[in-house]
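Reader: Could you walk me through some labels used for this structure, and what lies behind them?

Author: Gladly; here it is.

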Amino acid sequence: MSVKVENLEHNMAKLTVSVPAADFDAAVNSVYMKQRKKISIDGFRKGKVPRQVIEKIYGAGIFYEDAANQLLPKAYGDASEECGLEIVSMPEIDVTQMEKGKEFIFTAKVAVRPEVELGKYIGVTVTKIDCTVTDEEIDEEIKSEQERNSRMVVVDRAIKDGDSAVIDFDGYMDGKAFEGGKAENHTLVIGSGSFIPGFEDQLIGKKAEDEVEVNVTFPEEYHAKELAGKPAVFKVKIHEVKEKELPALDDEFAQDVSEFDTFDEYKASVKEKLEERKKDNARFTQEEEALAKIVDKSKMDVPEPMIETQVNNMVNEFAQRIQSQGLSMDMYLQYSGADLDSLKEELRPEAIKNINNSLVLGQIVKEENIEATDEEFDKEIEKMAEMYQMEKDKILELMGDEEKKNIREDLQMRKAIDLIMDSVKQRAKPKKKEDKEESKEEA
């Protein structure tokens with residue numbers, strides 16, 4: 001096999017790949033051997049028709065397309081390695097010669113990783129972020145934990161907003177029961193807005209054992225068209241009224257929700273975790289700001305197919321995420337009222353940002369000779385083993401060379417980010433016009 005490389009504009013390249021005639025004929029024969037069982041011609045037993053006879057009747061190229069499809073994956077894979085280019089897109093394949101006794105020739109138009117002329121990346125100015133934790137934030141966090149540990153208790157009083165009511169209901173329209181309008185022992189949170197507007201409000205002030213007629217009108221946009229915009233009456237029987245009981249904020253509460261013995265210790269730990277969370281968020285925000293400024297001052301010509309490939313990868317990742325939640329891509333598009341093209345357009349800015357950040361960080365890795373040590377790699381594998389509850393050796397056994405390479409590259413990227421962030425200059429958010437102009441000049 002031979003490969004010729006032609007460099008094109010905007011970091012594109014065309015590979016011309018020639019596969020020996022013998023390999024092409026072997027592929028054609030392989031396709032014939034697989035398909036001959038399906039071919040029936042008078043005078044021959046089914047599956048025993050000679051290749052020459054089939055080609056004479058149906059044409060010499062009857063097996064060519066399938067043979068090409070059989071050859072292309074490996075031939076392109078070998079060519080992409082042999083050419084020495086760093087290809088960053090799916091290939092645009094065009095078969096230019098496919099004849100008996102001749103070389104099989106195809107071209108592959110691809111995007112290659114663009115060169116990057118880095119802007120300033122040491123001493124970038126970022127906005128200073130206040131990571132102080134207020135008493136209100138601590139109280140709010142504790143209140144959330146208190147809510148998570150609440151319980152519902154039966155009370156002997158009238159229903160109030162926020163209570164839960166256990167009810168039977170039976171819906172009627174024009175005096176006739178309608179489908180889906182009946183339930184027994186249904187728990188309804190008053191004020192949740194989960195029922196038809198006005199339904200929950202009419203239960204406020206009522207008690208257990210009360211029987212109530214609730215008059216409502218279905219919304220115009222209601223999903224059941226036969227009910228949309230129409231009045232209905234619900235006969236409701238109230239069985240129980242429940243209210244949320246919050247645990248006391250004391251030492252016992254601290255022992256239940258944490259490893260601490262006293263509430264004061266627990267509260268101090270909440271403050272510490274909030275501070276850590278704020279610092280992590282601030283670090284991420286400043287990383288994004290620093291990278292955006294470096295990208296803005298750097299020069300690179302990103303080829304369009306590279307962006308398209310990144311967008312497609314993001315669509316596939318999104319599809320996998322929603323599939324894990326039991327929703328197919330077709331269902332998502334139907335429910336959201338979007339289509340695949342609009343989804344891709346929505347993801348495009350993020351794809352471009354990811355590419356630019358990756359190219360800049362990759363160039364910093366190159367210029368600073370950043371390496372990922374074996375010790376750092378081993379620590380990463382240990383984290384993965386702990387996460388997946390597997391032995392470290394088993395993780396390595398299941399991992400291919402490409403995955404190991406990707407892990408090392410990720411480690412290098414992180415070290416490049418650390419290099420940037422170790423040198424950043426922080427300044428308060430500019431308030432005056434002249435401060436804004438000054439900050440524009442800095443990064």
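Author: Let me begin with a charge and a ring: the charged end of R408 sits over the ring of F377, 4.5 Å from its centre. This is a predicted model, where local features need pLDDT of at least 70 and side-chain atom pairs count only at pLDDT 80 or more, while totals for chains, interfaces and linings use all residues. Residues are numbered from 1 along each chain as its sequence is written, and side-chain values use heavy atoms, without hydrogens and water.

Reader: What makes a charge sit "over" a ring?

Author: NZ of Lys or CZ of Arg has to be within 6 Å of the ring centre and within 35 degrees of the ring normal. The charged end of K235 also sits over a ring, that of Y172, 5.1 Å from its centre.

Reader: Why is the pair of F24 and Y64 called edge-to-face?

Author: Rings of Phe, Tyr and Trp (its six-membered ring) pair if their centres lie within 6.5 Å; planes under 30 degrees apart are stacked, over 60 edge-to-face and the rest tilted. By this rule there are 15 aromatic pairs. For F24 and Y64 the centres are 5.2 Å apart and the planes at 65°, so the pair is edge-to-face.

Reader: Why is C83 called buried, and what is C131?

Author: Buried means under 20% relative accessible area, exposed over 50%, and partly exposed in between (1.4 Å probe, protein chains only). C83 has 18% relative accessibility, so C83 counts as buried. C131, at 22%, is therefore partly exposed.
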